Amino acid sequence: MKETTVFAVLGAMMYCTKIAMEFLPNIHLLGMFTITFTVVFRWKALIPIYVYVFLEGIFSGFSVWWLAYFY
């Protein structure tokens, strides 16, 4: 249960930092988060990444561009 909550918060944090940094050019914390989560959690890093992808789809709309995020 604790691990699920941590992954949900990490995915939400990824989405919030993307929204907060949109107006600043060339500052992308998503790459840093992805690398850090992969080093720390290994294959379980996919969970917060897919939480981020689903949040992106919910708030920005599910369209053709959204399918490429799974790749």
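Start with the cartoon view and follow the chain from the N terminus: the elements run α-α-α-α. That makes 4 helices and 0 strands. The radius of gyration is 12 Å, close to the 11 Å that the globule rule gives for 71 residues, so the chain is as compact as a globular protein of that length. Keep in mind that you are looking at a predicted model.

Along its principal axes, the trace spans about 30 × 25 × 20 Å.

The accessible surface of the chain comes to about 5,200 Å², and carbon and sulfur atoms account for 74% of that. Buried residues, meanwhile, make up 24% of the 71 residues.

Time to go inside. Which residues form the largest nonpolar core? Select F7, L10, M14, Y15, F33, F37, A45, I49, Y52, V53, L55 and W66, and you have the 12 residues of that core. Colour by helix and you'll see that α1 (2–20), α2 (29–41) and α3 (46–60) each supply at least two of the core residues. As background, nonpolar side chains in soluble globular proteins tend to be buried together.

Last stop: zoom back out and think about contacts across the chain. Among those between residues at least 6 apart in sequence, 49% join residues at least 24 apart.

Technical notes:
Residues numbered from 1 in each chain as written. Predicted model: local features only at pLDDT ≥ 70, side-chain atom pairs only at ≥ 80, totals over all residues. Heavy atoms only, no water. Rg over C-alpha atoms; globule rule 2.2 N^0.38 Å. Buried < 20%, exposed > 50% of the residue type's maximum accessible area, 1.4 Å probe, protein only. Contact = heavy atoms within 4.5 Å. Areas by Shrake-Rupley, 256 points an atom, 1.4 Å probe, with all protein chains shown as cover. Core = buried A, V, L, I, M, F, W, Y, C linked by side-chain atoms within 4.5 Å.
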